Amino acid sequence: MMICPPSSEGNRCILSHPRNALNVSGFELYVLAIVYISGEIKMKRSLLICSLLVLTGIISFPQQSDFPKLAGLYLGQKPPGKIPELFAPGIISVEENFEHSAAVFSPNGQEVFWCTNVGAHTDQRIVGNLRLYTMKMMEGKWTAPRIARFVKNIRVERPVFSPDGNKLYIEYGSDPTRESDCDIYVVERIGDGWSEPVPVSPLINSPAMERLHCITADGSLYFSRDPFTRREEIFVSRWVDGEFAEPRKLDKSYNSDEYEAAILIAPDEDYMLISHQNTQHQDVKFSISYKKADGSWSGRMEVPYYCGGFFALSPDGKYLFFMNEGIYWVDTSFVEDLRPED
């Protein structure tokens with residue numbers, strides 16, 4: 001049975017894609033019918049949108065009963081080589097969605113988080129956008145994707161694990177209609193679950209928007225303040241005696257005259273990956289810089305891959321996950337291939 005409600009994209013049926021060939025329950029058919037009828041009788045647009053949101057939340061990911069049995073590291077996916085490959089197509093990288101992060105694995109490789117815009121609603125600040133999803137290894141098998149329970153209906157971006165895997169840092173907005181409302185929050189592992197999100201530190205969060213970049217092996221947190229503006233500055237806050245110290249503003253090696261969309265510093269701070277773009281929000285580039293013996297950084301060298309602004313290393317450092325048209329991964333051998341001889 002195909003039910004194709006009228007939409008802004010024409011009469012495309014959202015069940016027609018083979019990745020969404022799921023067994024539809026009675027409740028799901030009920031929702032589908034509501035969406036179809038609402039299009040026919042021209043119900044209020046807000047009700048139609050709400051119905052579509054419920055619908056996409058149901059079928060944009062495989063449900064547990066239909067979920068394939070996945071086992072092994074990285075969901076049992078075949079590792080990539082030097083050419084980037086789409087990661088977990090139809091499972092994490094779903095054609096009908098718009099993934100808006102890297103795939104972020106816990107240090108023990110048993111849990112993964114990522115952010116997505118369900119149903120690709122990227123231009124609307126509505127509940128359902130920028131939701132944090134997760135999968136977990138249980139009894140040797142990966143669970144189906146589900147929304148992380150601790151984020152409720154708040155927009156979330158940029159999950160980053162602490163080095164020991166017992167904390168997860170996120171960009172968290174208390175007002176889902178205002179991107180500038182984002183601060184950095186943290187949740188702590190409690191048994192098999194997670195705590196409620198709390199602000200990471202009054203030394204880090206401010207009335208401005210903070211953007212989380214990465215955390216290194218010693219617990220240092222790198223972040224931006226006022227990103228994508230001429231006031232943009234990049235800071236590091238070192239982890240000292242069990243808490244974050246006063247942030248230190250970083251120099252042009254980190255904060256160029258362009259906009260830094262994402263920065264990933266290697267756990268040992270040996271190299272730095274940067275996704276940056278010009279001040280007209282164009283000409284996106286992916287670059288790498290290397291730490292010199294004197295502690296300074298080399299000039300930026302372009303990496304021959306396209307990155308849309310999010311990075312994450314695999315726990316073993318062998319692979320880089322990043323955002324493109326979906327979430328991609330690639331062997332990190334390019335780091336040494338591009339390293340200057342001196």
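I looked first at contacts (heavy atoms within 4.5 Å), and among those in the chain between residues at least 6 apart in sequence, 47% join residues at least 24 apart. I note that this is a predicted model, in which local features need pLDDT of at least 70 and side-chain atom pairs count only at pLDDT 80 or more, while totals for chains, interfaces and linings use all residues. Residues are numbered from 1 along each chain as its sequence is written, and side-chain values use heavy atoms, with hydrogens and water left out.

I then looked up the secondary structure, and found three helices and 25 strands in the chain, taken as DSSP runs numbered from the N terminus (helices H or I, at least four residues; strands E, at least two). S21 (residues 285–290) is joined to S22 by two bridges, and Ile-288 has Met-301 in S22 as its bridge partner.

For the rings, I found 27 aromatic pairs in the whole structure, counting rings of Phe, Tyr and Trp (its six-membered ring) whose centres lie within 6.5 Å. One aromatic cluster is formed by Tyr-74, Phe-87, Phe-105, Trp-142, Tyr-319, Phe-321 and Trp-329.

Conventions. Phe/Tyr/Trp six-rings, centres within 6.5 Å; stacked < 30°, edge-to-face > 60°. Pairing = 2+ DSSP bridges.
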